[in-house]
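Work through the exercises below with the sequence and the model open. Try each task before reading its solution.

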Amino acid sequence: MALRKKLCESSNFNGKLMYTFSRYFSSNKMDLRKLKPMIQKRIQDRAKDYPVLGMIPVAQEVLNSRRLIMQGVSTLLKVLPVMACKFCPEVYIGEKGHLIQTCCGFKHRDKNRVHEWITGGLNDVLAPVEAFHLKHMFKDVIKHHQRFDFERVPAVVELCWQAGANDENQYSNWNPESDCFSVDGAESLPSDELLMIASGTLRAWEILRNGVEKLLTVYPAKVCNHCSEVHIGPSGHKARLSWQGTHFWRKANVDDLMPPKIVWRRRLQDPQVLLNEGRGFYGHAPAVVELCTQAGAVAPLKYHCLMKLQGVATLGNQSLYHPKDQM
Ligand SMILES: [Zn+2]
Ligand SMILES: [Zn+2]
């Protein structure tokens with residue numbers, strides 16, 4: 001009898017609990033339905049805060065710098081050779097490529113092979129990163145089946161447009177040819193004019209990277225951890241491009257939008273071709289920086305360590321120079 005009473009109480013208790021759950025469940029559903037217009041209004045109101053007025057000149061400057069870099073690099077490539085590996089993303093600014101065994105082959109299947117060099121071009125120095133062009137940044141998430149409804153434009157350009165920069169390309173179809181024409185007669189330019197182009201390009205590169213960094217503090221951008229797809233906007237998208245599966249979005253940084261393409265570089269003292277045995281003695285630099293310095297521009301101080309301009313490695317104040325340096 002006592003047990004039955006206990007069970008009864010317990011089931012009563014369960015009943016009460018279930019009732020409470022059901023009330024919360026339905027009231028929750030009610031709340032969501034009521035909340036929906038409020039949420040939509042908040043999103044609309046948030047859109048009114050954009051573009052942030054103070055950031056418009058930054059976006060405009062980034063857009064202009066980008067065009068200048070494309071034109072500068074296109075011009076310098078008429079004079080300076082760039083080599084690219086047939087099987088991996090490795091690039092070298094120079095005539096013959098190098099013999100450093102860092103080739104991972106097609107689809108990363110190999111390890112530590114010598115690269116196979118072919119003539120490179122603009123895209124090897126400035127890796128193209130594209131994103132969907134949205135009419136406004138708080139657009140609903142793009143679904144997979146909608147992927148052809150949106151134009152693909154350079155990610156930096158999309159960031160600048162969303163940040164309020166004005167550009168005639170914005171209202172017509174994106175023409176990738178429009179900003180990579182080179183200076184006429186680049187092949188026969190005197191060295192001082194070439195130096196001016198190289199210095200201007202390098203300065204524009206720094207302005208662009210600083211500007212993009214500033215814009216990314218205000219405007220959200222995402223990059224996929226698996227396929228490096230970039231999305232400018234708060235939400236990411238659901239369009240699968242080359243990788244079959246869901247994107248894993250994380251916050252994008254300036255390198256995701258404008259990859260620096262780090263290349264091996266020869267120091268002044270080193271022989272013409274970089275050999276695998278001496279790899280510890282060679283420097284690195286972003287491809288644009290290396291291209292511009294080879295045309296005579298002075299690299300900003302922040303790259304000197306990476307480029308090993310002051311020797312091989314430093315231990316406190318003491319530099320450890322390669323024996324060759326003392327010759
Ligand atoms: Zn390779
Ligand atoms: Zn992905």
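**Exercise 1. Determine the hand of the crossing of α2 and α5, then describe their packing.**

Solution. α2 passes α5 in a left-handed crossing; that is, the near helix is turned anticlockwise from the far one by less than a right angle. Helices here are DSSP runs of H or I with at least four residues, and strands are E runs of at least two, numbered from the N terminus.

A basis for the next step: two packed helices are described by the angle between their axes and the distance between the axes. α2 spans residues 56-76, and its angle with α5 is about 145 degrees, with the axes 8 Å apart. Axes are lines fitted to C-alpha atoms, for helices over the stretch in contact; angles run from 0 to 180 degrees between N-to-C directions.

Now list the residues. On the α2 side, Val 58, Ile 69 and Val 73 are among them; on the α5 side, the list includes Ala 204, Trp 205 and Leu 208. Contact requires C-beta atoms, placed from the backbone, within 7 Å. By class, the α2 contact with α5 holds 15 nonpolar, six polar and three charged residues. Nonpolar covers Ala, Val, Leu, Ile, Met, Phe, Trp, Tyr, Cys and Pro; charged covers Asp, Glu, Lys and Arg; the others, Gly among them, are polar.

The model is predicted: local features need pLDDT of at least 70, side-chain atom pairs count only at pLDDT 80 or more, and totals for chains, interfaces and linings use all residues. Residues are numbered from 1 along each chain as its sequence is written, while chains are lettered from A and ligands numbered from 1 in the order in which they are written.

**Exercise 2. Find the contacts of Val 288 beyond its sequence neighbours.**

Solution. Set aside neighbours within four places in sequence. Val 288 then contacts Ile 69, Val 73, Val 125, Leu 126 and Trp 205.

**Exercise 3. Is Met 137 buried or exposed?**

Solution. Locate Met 137 first: the loop between β4 (130-132) and β5 (152-154). Met 137 is buried because 20 other C-beta atoms lie within 10 Å. The cut-offs are 20 or more for buried, 12 or fewer for exposed, and partly exposed in between, with C-beta atoms placed from the backbone. Beyond four places in sequence, Met 137 touches Tyr 50, Gln 162 and Gly 233.

**Exercise 4. Give the strand order of the open three-stranded sheet.**

Solution. The order is β7-β6-β8, with antiparallel pairing. Pairing needs at least two DSSP bridges between two strands. The edge strands are β7 (230-232) and β8 (249-251). Three bridges join β6 (residues 221-224) to β8. Cys 224 has Trp 249 in β8 as its bridge partner.

Definitions and conventions: Contact = placed C-beta atoms within 7 Å.
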